[in-house]
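I opened my notebook to get to know a new structure. Here is what I looked up, entry by entry.

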Amino acid sequence: MLIAIAGALIISTSAPLVRLSEVSPATSALFRCAYAVPPMLLLAWRERRRLGPLPRRALPAAWAAGVAFAFDLLFWHHAIDYVGAGLATVLGNLQVFLVAFAAWGFFGERPSTRLMVGTPVVFAGVVLISGVLDSAAYGSDPLMGVLAGLATSVSYAVFLLLMKSAGPERAAGPLAHATVVATIGIAVLSPVFGGADPVPTWPGHGWLLLLALGPQVLGWSLITYSLPRQPAALTALLLLVQPMTTMAIGALALGERPSALQLAGCAVIVLGVLYGSRGGPPQETREGTQEHVEEAGTGGAPVSPS
């Protein structure tokens with residue numbers, strides 16, 4: 001459990017590191033992904049030596065997951081730009097519900113009653129964060145931040161489902177393929193998302209390198225190693241640890257000051273997700289489907305080098 005909590009704490013620095021880099025959203029998305037490629041290829045090579053070549057049937061899903069990952073990073077980095085590190089990270093937890101309902105639609109797995117009850121509660125919190133009821137809302141554009149956060153959660157949910165379909169017996173190989181495709185995808189899509197500056201600058205790229213090697217590679221390696229070895233209740237704890245830690249870092253290190261209504265919205269979202277994720281496991285209609293929901297509950301960054 002300590003390994004998983006350590007991973008969650010490391011991952012909670014993702015959004016603050018993006019803010020500290022002070023580069024455009026497309027630039028930070030591109031380079032945080034690109035800098036993670038070499039260590040991910042090394043991990044994939046070690047996995048290949050141990051388990052043999054990656055099955056070809058896993059490649060299309062991994063490549064498609066890389067495209068979804070590209071959109072996930074681009075949308076999320078814009079959400080950080082619009083509403084700050086803390087609020088953007090809280091909004092990322094909405095993927096718990098999206099993955100659960102997608103699993104219901106694609107795999108016939110009915111979500112728990114708790115999760116279904118928690119859904120309207122969580123989206124009430126989203127309305128509070130959006131600023132539509134609050135003239136003192138924090139962020140350059142709270143409404144756009146919420147829309148970008150929702151798009152992030154959709155992309156994240158697609159990524160998780162595709163990565164799961166690539167096969168549970170592998171981790172580093174599919175992630176390495178997805179990371180390479182995501183890097184290329186972000187480079188291609190960046191003009192639509194404000195453009196990326198290809199010239200590294202200091203100290204901005206120092207923060208992005210730290211982001212790639214810390215939260216993306218180390219943090220998620222700890223999470224993906226520990227979750228299969230821990231009870232499902234650990235997922236709920238991680239849901240609480242990561243966004244609250246990011247909120248604290250945003251307030252203390254970045255001077256982010258969400259309004260009272262936005263803080264109330266954060267509390268509603270976190271408690272709603274926590275409540276929904278603690279429901280008993282639904283009946284499985286396909287082996288391993290429940291893992292979609294469990295993996296989706298690990299927080300604002302994908303189960304990948306993100």
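**Entry 1: a salt bridge**

Which side chains meet in a salt bridge? I found those of Arg-19 and Glu-256, at 2.7 Å from N to O. The rule I used asks for a side-chain nitrogen of Lys or Arg within 4 Å of a carboxyl oxygen of Asp or Glu. By this rule the count comes to 1 salt bridge. Arg-19 lies in helix 2 (residues 14-21) and Glu-256 in the loop between helix 11 and helix 12, so the pair ties together parts that are 237 residues apart in sequence.

I then looked up how covered the two partners are. Buried means under 20% relative accessible area, exposed over 50%, and partly exposed in between, with a 1.4 Å probe and protein chains only. Glu-256 counts as buried at 4%, while Arg-19 is partly exposed at 29%.

**Entry 2: what I am reading**

A note to myself: this is a predicted model, in which local features need pLDDT of at least 70 and side-chain atom pairs count only at pLDDT 80 or more, while totals for chains, interfaces and linings use all residues. Residues are numbered from 1 along each chain as its sequence is written, and side-chain values use heavy atoms, with hydrogens and water left out.

**Entry 3: the whole chain**

I looked up the helices and strands, which are DSSP runs numbered from the N terminus (helices are H or I, at least four residues; strands are E, at least two). The chain has 13 helices and 0 strands. Of its 306 residues, 53% count as buried. I also looked at contacts, meaning heavy atoms within 4.5 Å. Among contacts between residues at least 6 apart in sequence, 88% join residues at least 24 apart. The chain exposes about 12,900 Å², and carbon and sulfur atoms supply 68% of it. That area comes from the Shrake-Rupley method with a 1.4 Å probe; for residues, only the protein chains shown count as cover.

**Entry 4: around the loop between helix 11 and helix 12**

Arg-257 lies in the loop between helix 11 (233-254) and helix 12 (260-277), and it counts as exposed at 54% relative accessibility. Leaving aside neighbours within four places in sequence, Arg-257 is in contact with Tyr-138 and Ala-251. Its C-alpha is separated by 9.5 Å from that of Met-247, 10 residues away along the chain.

Ala-253 is found in helix 11 and is exposed, at 56% relative accessibility.

Which residues of helix 1 are buried? In helix 1 (residues 2-11) they are Ala-4, Gly-7, Ala-8 and Ile-11. Seen down the axis of helix 1, these fall within an arc of 100 degrees, so they line one face of the helix. The arc is that of the directions from the helix axis to the C-beta atoms.

Helix 4 (residues 37-51) has 15 residues and reaches 20 Å from its first C-alpha to its last, close to the 21 Å expected. The expected span is 1.5 Å times one less than the number of residues. Val-37, Pro-39, Met-40, Ala-44 and Glu-47 are buried in helix 4. Those residues fall within an arc of 165 degrees, so they line one face of helix 4. On the other side, Pro-38, Arg-46 and Arg-49 are exposed. Gly-52 follows helix 4, with a positive phi near 95 degrees.

**Entry 5: backbone details**

Where does a positive phi turn up in a residue other than glycine? I found one at Glu-22, near 55 degrees. Glu-22 is in the loop between helix 2 and helix 3 (25-34) and is exposed, with a relative accessible area of 73%.

I also noted a cis peptide bond from Trp-202 to Pro-203, with omega near 10 degrees. Pro-203 sits in the loop between helix 9 (172-189) and helix 10 (204-226).
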